[in-house]
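Reader: I'd like to learn how to read a contact surface between two chains. Can you walk me through one?

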Amino acid sequence: MSTAAAPNYELIQQDGLETNLLEVSMGPHHPSTHGVFRMDVKLDGETVVDLRPVFGYLHRNHEKLAENMSYLSSMPFTDRLDYFNSMTNNWAYALAAEKLIEVEVPERAEYLRVIMAELTRLVNHVSLVGFFINDLGALGTPLLYAFREREKILDLFEQASGARMMCNYFRFGGLRNDVPEGWLERAAKVVDHFPSFLDEYEQLLCENEIILSRTQGVGNLPRELAISAGVTGPMLRASGVAYDLRKVDQYGIYDRFKFRVPYTDGDTGDCYDRFMIRMLEMRESIEILKQALAGIPEGEIMGNAPRVFKPKPAESYGRIEGPKGELGFYLIADGTPKPYRYRVRPPSLINLTVLRDMCLGGKIADAVIILGSIDIVLGEVDR
Amino acid sequence: MSLELLIDILIATVPLMLIFATLFAFTTWLERKALARIQNRIGPNKVGIPCTRIGLFGLGQPAADGIKMIFKENIVPRGADRLFHLLAPILALIPSMLVLCFLPLDFPWLNENSVKAFLLDGAVIFFFAITGLNTLAVFMAGWASRNKYSLLGGMRAVAQMVSYEIPLVLSAVIVVMMVGSLNAGEIAGAQKGGNWFVFSPWGFAAFVIFFIAALAETNRSPFDLPEAESEIIAGYFTEYSGFKFALFFLAEYIAMFAISGLAVTLFLGGGDGPGLAVLPWLSVIWFLAKIFALIAVMIWLRGTLPRLRVDQLMGFAWKFMLPLSILNIFVAGFAWHAEQLDNKFIMVITWLISLAVLYGAASGLNQLNRGKVRPREYKYAE
Amino acid sequence: MRILGGGIFKGMAVTLRNFVGSYINKKERLPTNDYSWRADGALPQSIGDYPKEKGEQLSDTTTVTEYSRNFPMLLHDGGEPMDTVRCVACQICERECPPQCIYIEKDYDENGKYIKRPAVFDIDVSVCMSCQICVEVCPFDAIVMNSQFELSTPDRFGGLLVRRDDLLKSNDYYHKIHPEEAAARDQKMAVEKAAKEAKKKAAAEKAKAAAEKKAAEAAKEEAK
């Protein structure tokens, strides 16, 4: 499906002047391709005529590796998928494996899982917005403000799990360890401070005329295309579909929290919508966090699941609403300690498939910000 | 050429170049430090006096950078046009250095008989003529590098610089009209005693247009498209390294000084400021202080704003800046005639009318150009 | 009515506030080495200009957080390390290690009899990803995470392959770097040990009772 009218090249050639398309290979070592991603772009002047995404530079055999080790052993590897959101990756995988071995997760662990996942969402969205504005050409100022706040959340992660990014914190049937004393109060402090930072961030970004004119009407993703391409997450909601797995599946204990899902009416679905939906989602995450931090009970954090186990032959699919979209893990057990098949449904990759449709007809600068607004992490795209 | 004239020329030019080269080093430090603080970082703070632990707030950083630049390998891509690749940074530096002579800086060591380029009739014209050469250097760099990003950057630079030259010149025309002279010294002299051009509606509008166009001319954010990092890596100097890159860097900053200096001359009263009656040499300090104030605003903008897109940039020049600056010329002409009447009441009326016309025109043009761009409302699903 | 360029001015106000704030409110705005969020000053406040001058807390014996993990170490219970080493070279960790960075060889005495300790225990820290899976699967609480971080070495291969004798650390050291975790682990081990002993005792008593019974029966038979 072509969304943009490409200029008529035959006409250009008829007037006797020969014009050539300029083929530019953007990446894999380009400052704004968010990792080792390459776009083969054909340009007419500055206008994108054709675009071919090339990836696989970061492929590290994640799925096959996981099929050759026990269930628990691939948990730390899920951290490395989307290295911004190790907590939610852990959760999706734990969910899939828990369905196989059928263990109950204790109440406190469920609460902590929600807290960790929503903190992760804050980390992801706030830095994504920073990166996005960086792609727009700001000199890193919003990004560094975002990282200033992100550090506080990463400190919390470090304190709870021992690592800032590769948390490896979730276990089948619970969490690896309880949070240390005073952690919840500190988390509450960070959460209480966050809205004031968001206010400042919104003041800096949301009304800036340059940002408005750069992002509005750029990279339109129609609702039908978004649905048929399997796009999920904030991108789908920006295209006008109010679909959120936290509401649809209500995995974990999301049915206990009151929160709203921001979405558009689907007329535009451009970069600005994707950017704003993420800004609004952060506010909702804060609401969930406040409720969870207030309601968390005392108790065990680990159900009685074995460390190494041999599930009965079965298959399971665990999915969560990751910050980037639906993150799913599909497992087939064959009665051995290793999964027979292990498959990741990476939201980054599937959201990336619509890149060409959104970029055609735009300027090269638009291609960069459209890629930024998709929110990809190459660790997850290439796996 | 007699020896005295040669000495005279050296006295007039060498200190100028030394002062601005030093200021360049200081400005790179200032920019890094200020940007760092804007972004809540600390910025350079380690390099100070060598072999000691004295940091001096990182003031040694420019020297360290310079030494590093000089000793870095000079890499020219295979297939590049070596001659033009070498010439481009030199050609970029020469015009920006040259136009410094046209800034009305009354150094105390210059007497009435000294060579003063700024007293040239037509200094303003010379200024624009010579800075126009910069465009050539940039395109030369982009073309000679044999790199697609460089080429894109070079083409962007040409389009941008040519477009923004027009509002730049048209806003300078207003001052020339009011003073009736192209002589930089006379223009500065006409604003003595706080009678700066920026303190009038047309002068202010012209100053704002001039400043925005100057940002575009010197490739500063938010108009730094020729070197847009997130899109085309480093634009026309992608393939430059070592000292050639340093020359480009130097040229860019000197051009910033030059164009800020011109803005100060045209709109901010040149070296005018309090205390001149007692200490005449203060005028140099005032002049440099005003230049630094403008540069501080440039740094501030760079720390805040994202970049425009190519078509928006051109649209902004042709659809907003150009009509506004032409309208401003009419307003200024109208005001000049009103001024001749020498009537306070008429002046007040003129001020109000020109304010209303200029603001109305600006917001009207803004409305016309902005299309449907507006903050939006969002829905929530429970 | 919206002011022309109002959004830009708003943004500039924010950056100005941050610029000024970075001088006034350093703790809030600037990245600091001041770990104020850490509980009640248990850790020293200054970190120093790291490679040149070491801050007070930056030694190998202090932990960064309670659960911080860098690379694994082997525990022994004090005294001569190899006499009290907890590891029995069961090789579970070697098998479960996700990046396969552990190499173990069992130890045998001169008669070829297996003595429960490792002859070789190497961890390649250039491969190790600090995931702590080995700690979790170890049934003997023999391997735990160290927080030592000064591992830089000019030798790329040998220097990053940590040998058994360098991995051995005493339980006291473990208590120093992870007090809570170590205490919990000791308690767990004590409970397990007590349970084991109780079981053993029960088994022994049972055996004793059985033997007595047998003996009684035998005596009975003899008496017959």
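Reader: How many residue pairs are in polar contact between chain B and chain C?

Author: A polar contact is a pair of N or O atoms within 3.5 Å; within protein, one must be able to donate a hydrogen and the other to accept it, and sequence neighbours count only if both atoms are side-chain atoms. Here, chain B and chain C have five such residue pairs, both residues at pLDDT 80 or more. This is a predicted model, where local features need pLDDT of at least 70, side-chain atom pairs need 80 or more, and totals for chains, interfaces and linings use all residues. Side-chain values use heavy atoms, without hydrogens or water, residues are numbered from 1 along each chain as written, and chains are lettered from A and ligands numbered from 1 in written order.

Reader: What is the count of salt bridges between chain B and chain C?

Author: For that you look for a side-chain nitrogen of Lys or Arg within 4 Å of a carboxyl oxygen of Asp or Glu. Between chain B and chain C the count is zero.

Reader: And how do I read the area buried between chain B and chain C?

Author: The size of an interface is often given as the accessible area lost when the parts come together. Buried area is that loss (1.4 Å probe), summed over both parts. For chain B and chain C, the figure is about 1700 Å², with 63% from carbon and sulfur atoms. On the chain B side, B:Arg37, B:Asn40 and B:Trp300 lose the most area to chain C, together 37% of what that side buries.

Terms used:
Buried area is the accessible area (1.4 Å probe) that two parts lose on being put together, summed over both.
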